[in-house]
Amino acid sequence: MEIKSPKVNITEKYICTEYDNYSNRITTENNRLIVTPIRKRYFIRTERKVAKLGVMLVGWGGNNGSTFMAGILANKHYITWHNKNGKQIPNYYGSLTQASTVKIGNNEKNEEVYVPFNSLLPMANPNNLVIGGWDISKMNLADAMDRAQVLDHDLKEKLRPYMKDLVPLPSVYYPEFIAKNQAERADNILAGNKLDNLVWIRNDIRNFKKSNNLEKVIILWTANTERFCDVREGINDTSDNLMKAIFGKDNKEISPSTIFAVASILEGCSYINGSPQNTFVPGVIELAEKHKVFIAGDDLKTGQTKLKSVLVDFLISAGIKPESIVSYNFLGNNDGKNLSEHSQFKSKEITKSNVIQDMVKSNQILYEKDESPDHCVDIKYIPYVGDSKRAIDEYTSRIFLNGHNTMIIHNTCEDSLLAAPLILDLIIFTELLERISFSSYRGHPYNESMNPILGILSYWLKAPLVPKNTPIINSLFKQREAITNLLRICRGLKPENYMGLQYKI
Ligand SMILES: NC(=O)c1ccc[n+]([C@@H]2O[C@H](COP(=O)([O-])OP(=O)(O)OC[C@H]3O[C@@H](n4cnc5c(N)ncnc54)[C@H](O)[C@@H]3O)[C@@H](O)[C@H]2O)c1
């Protein structure tokens, strides 16, 4: 349904709106907090035409990659299948862009009116995405889907004809970055040095774009978790040093994911890191800023961490003090196998652990300055459970008069069925962000765009990468409101605050 709002100018090409952003600047004077309200007006323009969009996944043949591919094809071709529960119909559940709604106001009967998320602004249709990618394993996507053991047998059989001829491109493989136990699947790898690899990947992107007649390509890493690379002066600390290091010999700390990020940025393609490793070393961030190419990361926020970013927010904002949070994961897929080695687990531990920090800091009644709950995350590789991950969490909190409240959560879920819709959202939302531009003055060119470091995507990511001097927000619902309010203001609607004052006075 078309939405008409007074503060919007819709032409054939653009949706133009203006928006007054109010914020409070806080300064301290003689032990008092001085609040200064600030108003800044933005003129916002959204290009209406959705680009013909290609997606290249690094790790296309993995559990996430093959499940993502299968899910898009099942929806696109409306493939139904049978399992023990009867006939199944494909859907995009778990995707914010495809299966959630946004409140736009209340109707004359005072009912809340919600519209589909993707009806507020023109967004790419997942069924039209052109998908390709790389993998160090040359298994075709039909066999890879079998190897993943995620989908029902009948669905896999019906998808096989669509997937059997899809074969990942050879990829960059530096064995020291992922677990040794991955070596047995590495039969599809590029030869040459790091510079050769960079040139090759850039060529792959160009060829994919050209041969599919695409206007845009977005690259997303959903390959194995790498170990963190050392950030070293002269190697990856600035964009110039990074490029020199790739060209030179002293480049041990340049990871495959860094090669992919650099290739994407140099090709002008947004790059998203769906895994925990520190691909975005300072040199890569600076390169993205220089080339004004979007980057986002790190690590898809699927199950346990997503729930944590809701629960800890709920507890601390209710004045309840979580004192111990213990999280176990039992994982039996290839991701679990890779994470069973110490340095890859360390990368995951970091992204999983940082998620509560901003919420703890927000309440100095509950927590002293440097105090934090005991917070531990462990992952065990249990082959038996396959992709059906078990996440077990124990939250113990101090409540009224020092009583205790313990919550134990047991979450069982096919990991890749949670991840695939997030991959979709990240791609669709990034493409939209590429079409939004800003101006600070009426009538002036819209020559500003979103900051290349897309902190706005943090809803989907465990350890959000944000621009320098920008607060990190982990609370899931604050992250969601940031996204939906951005959509609202681009559509000429006021941000929603749920105060509903008109009903309360
Ligand atoms: N599934 C989830 O819920 C979830 C959530 C958050 C993050 N992640 C992360 O997403 C990533 C993928 O997860 P998965 O379950 O699909 O793992 P997976 O092991 O099934 O798939 C990874 C794929 O990447 C390939 N690969 C490894 N190195 C490569 C390289 N240099 N270039 C190209 N391909 C390469 C592997 O051969 C494999 O096919 C992991 O890092 C995981 O930690 C997954």
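Asp 298 is found in the loop between β12 (295-296) and α9 (304-317). In this predicted model, a cis peptide bond joins Gly 297 to Asp 298, with omega at about 0°. Most peptide bonds are trans, and most residues other than glycine have a negative phi.

The chain is divided into three parts. Domain 1 covers 8-49 + 491-503, domain 2 covers 53-92 + 121-300 + 417-481, and domain 3 covers 304-415. The C-alpha centres of domain 1 and domain 3 are 34 Å apart.

The ligand is surrounded by 34 residues. Gly 59, Gly 62, Asn 64, Ser 171 and Asn 334 are the closest of them. The largest share comes from α13, with four residues. By class, the shell holds 11 nonpolar, 18 polar and five charged residues. Domain 2 and domain 3 both contribute to the shell, so the ligand lies between them.

Gly 62, one of the closest residues to the ligand, lies in the loop between β4 and α1. Is Gly 62 buried or exposed? Gly 62 has 29 other C-beta atoms within 10 Å, and therefore counts as buried. Beyond its neighbours within four places in sequence, Gly 62 is in contact with Asp 135, Thr 222, Ala 223 and Asn 334. Asn 334 is itself among the closest residues to the ligand. Gly 62 and Asp 387 are 325 residues apart along the chain, yet their C-alpha atoms are separated by 11 Å.

An open sheet is formed by five strands in the order β9-β4-β10-β11-β12, with parallel pairing. Its edge strands are β9 (130-134) and β12, each of which pairs on one side only. Strands of a sheet pair through backbone hydrogen bonds, either parallel or antiparallel. Strand β4 (residues 53-58) is joined to β10 by six bridges, and the two run parallel. Within this pair, Met 56 has Ile 219 of β10 as its bridge partner. Strand β10 (residues 216-221) is mostly covered, with five of its six residues buried. On to strand β11 (residues 271-273), β10 makes three bridges, again in the parallel sense. Here Trp 221 is partnered by Asn 273 of β11. Two bridges, also parallel, link β11 and β12. Ile 272 has Ala 296 of β12 as its bridge partner.

Helix α5 (residues 194-211) lies across β4, β9 and β10, and runs at about 145° to β4. Helix α8 (residues 282-291) has Gly 283, Val 284, Ile 285, Leu 287 and Ala 288 as its buried residues. Lys 292 follows α8 and has a positive phi, near 55°.

A helix pair is formed by α3 (residues 141-148) and α4 (residues 153-163). Their axes come within 8 Å and cross at roughly 150°. On the α3 side, the contact is made by Leu 141, Ala 142, Met 145 and Asp 146. On the α4 side, Lys 156, Leu 159, Arg 160 and Met 163 take part. Five residues of this contact are nonpolar, none is polar and three are charged.

Two loop residues complete the account of backbone geometry. Asn 31 is placed in the loop between β2 (14-29) and β3 (32-47). Although not a glycine, Asn 31 has a positive phi of about 65°. Asn 31 has 5 C-beta neighbours inside 10 Å, so it counts as exposed. Leu 401 is in the loop between β15 (388-398) and β16 (404-414). Its phi is positive too, near 55°, in a residue other than glycine. Leu 401 also counts as exposed, because it has 5 C-beta neighbours inside 10 Å.

Terms used: Residues are numbered from 1 along each chain as its sequence is written. This is a predicted model: local features need pLDDT of at least 70, side-chain atom pairs count only at pLDDT 80 or more; totals for chains, interfaces and linings use all residues. A residue is near a molecule or strand if its C-beta atom, placed from the backbone, lies within 6 Å of it. Ala, Val, Leu, Ile, Met, Phe, Trp, Tyr, Cys and Pro count as nonpolar, Asp, Glu, Lys and Arg as charged, and the others, Gly among them, as polar. Domain bounds come from an automatic or database domain assignment. A residue is buried if 20 or more other C-beta atoms lie within 10 Å of its own, exposed if 12 or fewer, and partly exposed in between; C-beta atoms are placed from the backbone. Two strands pair if DSSP finds at least two bridges between them. Two residues are in contact if their C-beta atoms, placed from the backbone, lie within 7 Å. Axes are lines fitted to C-alpha atoms, for helices over the stretch in contact, and angles run from 0 to 180 degrees between N-to-C directions.
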